[in-house]
Amino acid sequence: QKAVHDVLESLREFIVSHQYQDTPILTLYANVDSTDPDNRRDRPKWMIELKNEAKRLEQEYGTEALKRRDVKQRWSDAEEKIMAHLQHTKPQGRSIVLFTDLEDYVTLDLPVPMPTKLYYSGK
């Protein structure tokens, strides 16, 4: 429970310090379960699912909807940054939940597989 509390406190600090009202947050749940043979391929299933989620949000919000402190980003840029972060941190759980404003990241390894899903808090 302490670990969850620490993550939630980190998330609270993250949201407050990153001016959440002006800075949209992306939330990602990714099924990185290494026991799934499809996630052990050169191009893991979770990467394909994340790309599909980024396309879905791009269609829903528009190509340049991501706005961070008056700097326009594209969904493809966001996808690349998230992929790079996940490959760098090497998730240890069966899933990962990630919160980001594309500059900073709060991540938590989850012990259960969750469907890969990307959420956007933008307007």
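This report describes the sheet, the helices packed on it and the aromatic pairs of a predicted model.

## Basis of the description

Residues are numbered from 1 along each chain as its sequence is written. In this predicted model, local features need pLDDT of at least 70 and side-chain atom pairs count only at pLDDT 80 or more, while totals for chains, interfaces and linings use all residues; side-chain values rest on heavy atoms, without hydrogens and water.

## The sheet

An open sheet is formed by 4 strands in the order 5-4-1-6, with antiparallel pairing (helices, H or I with at least four residues, and strands, E with at least two, are DSSP runs numbered from the N terminus; two strands pair if DSSP finds at least two bridges between them). Strand 5 (105–110) and strand 6 are the edge strands, each pairing on one side only. From one strand to the next, the twist averages 10°.

Strand 1 and strand 4 (residues 95–100) run antiparallel and are joined by 6 bridges. Within strand 4, L98 stands opposite L28.

## Helices on the sheet

Helix 2 packs on the sheet, where it touches strand 1 and strand 6, and its direction makes about 30° with that of strand 6 (contact means heavy atoms within 4.5 Å; axes are lines fitted to C-alpha atoms, for helices over the stretch in contact, and angles run from 0 to 180 degrees between N-to-C directions). Helix 3 also packs on the sheet, touching strand 1, strand 4, strand 5 and strand 6, with its direction at about 50° to that of strand 1.

The buried residues W75, A78, E79, I82, M83, H85 and L86 belong to helix 3 (buried means under 20% relative accessible area, exposed over 50% and partly exposed in between, with a 1.4 Å probe and protein chains only). They cover an arc of only 165° around the axis, and therefore lie on the same side of helix 3 (the arc is that of the directions from the helix axis to the C-beta atoms). E80 and H88 are exposed on the other side of helix 3. Just after helix 3, K90 takes a positive phi of about 50°.

## Aromatic pairs

The whole structure holds 2 aromatic pairs (rings of Phe, Tyr and Trp, the last by its six-membered ring, pair if their centres lie within 6.5 Å; planes under 30 degrees apart count as stacked, over 60 as edge-to-face and the rest as tilted). Y29 and Y119 pair edge-to-face, at 6.3 Å centre to centre and 85° between the planes. Because Y29 lies in strand 1 (residues 26–31) and Y119 in strand 6 (residues 117–120), this pair ties together parts that are 90 residues apart in sequence.

The rings of Y61 and Y120 have centres 4.7 Å apart and planes at 80°, so this pair is edge-to-face. Y61 is partly exposed at 27% relative accessibility, whereas Y120 is buried at 11%.
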